[in-house]
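Subject: The model I promised you

Hi,

Here is the structure I said I would pass on. Have a look at it first, and then read my notes below.

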Amino acid sequence: MFKEISVYRIEENVVDLIGKQWMLITAGNKDAYNTMTAAWGGFGFLWNVPVTYIFIRPQRFTFEFTENNDDFTLSFFEKKYKNILSYCGTHSGRDIDKAKEMGLIVKETEAGNIYFEQAKLVVECNKLYCDG
Ligand SMILES: Cc1cc2nc3c(=O)[nH]c(=O)nc-3n(C[C@H](O)[C@H](O)[C@H](O)COP(=O)(O)O)c2cc1C
């Protein structure tokens with residue numbers, strides 16, 4: 001069971017969390033979603049609200065989902081799941097169901113966004129700005 005916390009209560013070093021531990025960016029809903037590994041990005045502030053910024057190359061299948069949905073999630077995992085992150089960063093959802101292949105248990109937030117039960121931390125995000 002996940003406990004909802006404010007972003008201000010994330011206690012981990014977020015540079016390490018994104019850059020070294022990596023994350024899964026997931027967008028879509030239970031009928032159609034995709035997920036991919038990312039290590040580019042950060043947490044910060046924009047227009048006086050806490051934000052995350054992520055960078056997704058347009059050729060990623062996930063790009064279509066972040067383009068077509070207002071929300072996305074970032075899922076962070078314990079070290080023991082690094083193989084899952086490696087897999088989701090080297091395989092495309094165009095070809096396979098990554099969650100199924102890796103045994104990721106798909107969960108839905110109240111808003112209908114997708115995250116994974118194995119995650120230690122999930123950040124649910126609403127798109128504020130995109131470019132490119
Ligand atoms: C450690 C790691 C970090 C990655 N970070 C990013 C990233 O921040 N942005 C990006 O566009 N691709 C990144 N990738 C590449 C995508 O995860 C990879 O191309 C993936 O297969 C895309 O899947 P998709 O086609 O299902 O979206 C990363 C890959 C790895 C292994």
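Before the core, a word on terms: by a nonpolar core I mean a set of buried Ala, Val, Leu, Ile, Met, Phe, Trp, Tyr and Cys residues joined through C-beta atoms within 7 Å. Please also keep in mind that this is a predicted model.

With that in hand, the largest nonpolar core here has 26 residues. Met23, Leu24, Ile25 and Leu85 are the ones with the most contacts inside it. At least two residues each come from E1, E2, E5, helix H3 (82-88), strand E7 (114-116) and strand E8 (121-126). E1 supplies the largest share of this core, with 4 residues. In soluble globular proteins, nonpolar side chains tend to be buried together.

Setting aside neighbours within four places in sequence, Leu24 is in contact with Thr35, Met36, Thr37, Ser75, Leu85, Cys88 and Phe116.

Now the overall picture. The protein has 4 helices and 8 strands, and along the sequence they follow the pattern α-β-β-β-β-α-β-α-α-β-β-β. The C-alpha trace spans about 40 × 35 × 30 Å along its principal axes. A compact globule of 132 residues would have a radius of gyration near 14 Å, and the protein, at 14 Å, agrees with that. Of the 132 residues, 29% count as buried. Among contacts with a separation of 6 or more, 60% are between residues 24 or more positions apart.

Next, helix H2. Which residues of H2 (residues 61-68) are buried? They are Thr62, Phe65 and Thr66. Looking down the axis of H2, these buried residues fall within an arc of 95 degrees, so they line one face of the helix. An α-helix has 3.6 residues a turn, so residues three or four places apart point the same way. The buried residues of H2 pack against strand E1 (23-29), strand E2 (32-38) and strand E5 (71-76). On the face of H2 turned away from its buried side you will find the exposed residues Glu67 and Asn68.

Thr66 counts as buried because 22 other C-beta atoms lie within 10 Å, the cut-off for buried being 20 or more. Not counting residues up to four places away in sequence, Thr66 touches Ala27, Ile56 and Phe72. Thr66 and Lys127 are 61 residues apart along the chain, and their C-alpha atoms are separated by 8.5 Å.

On to the ligand. It is surrounded by 20 residues, and the closest are Ala38, Trp40, Thr62, Gly89 and Ser92. E2 and H2 are the elements that give two or more residues to this shell, and the largest share, 4 residues, comes from E2. By type, the residues of the shell around the ligand divide into 8 nonpolar, 9 polar and 3 charged. Thr62 turns up here as one of the closest residues to the ligand, and also among the buried residues of H2.

Trp22 sits in the loop between H1 and E1, while Asn48 is in the loop between strand E3 (41-46) and strand E4 (49-54). Are they buried or exposed? Trp22 counts as buried, with 20 C-beta neighbours inside 10 Å, whereas Asn48, with 6 such neighbours, counts as exposed.

Finally, two more residues. Gly42 is found in strand E3 and is partly exposed, with 14 other C-beta atoms within 10 Å. Leaving out residues up to four places away in sequence, Gly42 touches Val14, Ile18, Thr52 and Tyr53. Gly42 and Gly19 are 23 residues apart in sequence and 8.4 Å apart in space, C-alpha to C-alpha. Asn13 lies in the segment before helix H1 (14-21) and is exposed, with 11 other C-beta atoms within 10 Å. From C-alpha to C-alpha, Asn13 and Lys30 are 31 Å apart in space and 17 residues apart in sequence.

Cheers

Conventions
Residues are numbered from 1 along each chain as its sequence is written. This is a predicted model: local features need pLDDT of at least 70, side-chain atom pairs count only at pLDDT 80 or more; totals for chains, interfaces and linings use all residues. A residue is buried if 20 or more other C-beta atoms lie within 10 Å of its own, exposed if 12 or fewer, and partly exposed in between; C-beta atoms are placed from the backbone. The arc is that of the directions from the helix axis to the C-beta atoms. Two residues are in contact if their C-beta atoms, placed from the backbone, lie within 7 Å. A residue is near a molecule or strand if its C-beta atom, placed from the backbone, lies within 6 Å of it. Ala, Val, Leu, Ile, Met, Phe, Trp, Tyr, Cys and Pro count as nonpolar, Asp, Glu, Lys and Arg as charged, and the others, Gly among them, as polar. The radius of gyration is taken over C-alpha atoms; the globule rule is 2.2 Å times the number of residues to the power 0.38.
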